[in-house]
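Hi! Here's the structure I promised to pass on. Have a look at it first, then read my notes below.

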Amino acid sequence: SLTAALAWLVLRQQDAVGLALFDNQIRAMIRPAGNPSHLDEVLHVLESATPESKTAAGPIFHELAQRLTKRGVVVVLSDCFDDVDSLVAGLRHFRHRRHDVVLLHVLDPAELDFPFRGPTEFKGLEEFPVVQADPQMIKSAYLREISAFRQSLQQACRAEHIDYFLVRTDQPLDATLTSVLAARPRSVP
């Protein structure tokens, strides 16, 4: 996974890596460490993770910003299907604590391109219900909404000096990491 690859890269550079998994509360947290064996702990937690509730990232980010006392790079991997204002306010708290913040907005190609045809059953995210729909009837409205959502999130991140990257799950991991790392500044502001 992208998270595991990033952890491996960070540890290979002899930097510390930590991990926090959450939904509406922190479900697992590994304090940053820089020893190579730390990767095993990160991988174990990632493998055993199961979401339990609807995500509420904003309040969790506030809590994590208070817990992370040593200045560093905070990388958030999320589909970001949350209230944009709350999400960005939480990310802003990391910036206020002088962390460098990177948001990797992870989306499946179907969420971006809406390739569905014929009557389809859409399973709701987290606590949303299952909906039966004709994709051709809703495709243009859906594409407008997802585009507006992404644009709003990207603009809010830019305004807060948060690096935003769209990550498609159908892209090779090495290409994704290369493009993110190539676009990143070399120092923490």
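**What I found**

Start with helix α6 (residues 135–159): its 25 residues reach 35 Å from first C-alpha to last, close to the 36 Å expected at 1.5 Å a residue (the expected span is 1.5 Å times one less than the number of residues). Helices here are DSSP runs of H or I with at least four residues, strands are runs of E with at least two, and both are numbered from the N terminus.

Before going on: this is a predicted model, where local features need pLDDT of at least 70, side-chain atom pairs count only at pLDDT 80 or more, and totals for chains, interfaces and linings use all residues. Residues are numbered from 1 along each chain as its sequence is written, and side-chain values use heavy atoms, leaving out hydrogens and water.

Which residues of α6 are buried (under 20% relative accessible area, with a 1.4 Å probe and protein chains only)? They're Pro-135, Ile-146, Phe-149, Leu-153, Ala-156 and Cys-157. These pack against several elements, including α4 and β4 (100–107), with contact meaning heavy atoms within 4.5 Å.

Most residues other than glycine have a negative phi. At 58% relative accessibility His-161 is exposed (the cut-off is over 50%). Phe-114 isn't a glycine either, yet has a positive phi of about 50°. You'll find Phe-114 in the loop between α5 and β5, buried at a relative accessible area of 3%.

Cheers!
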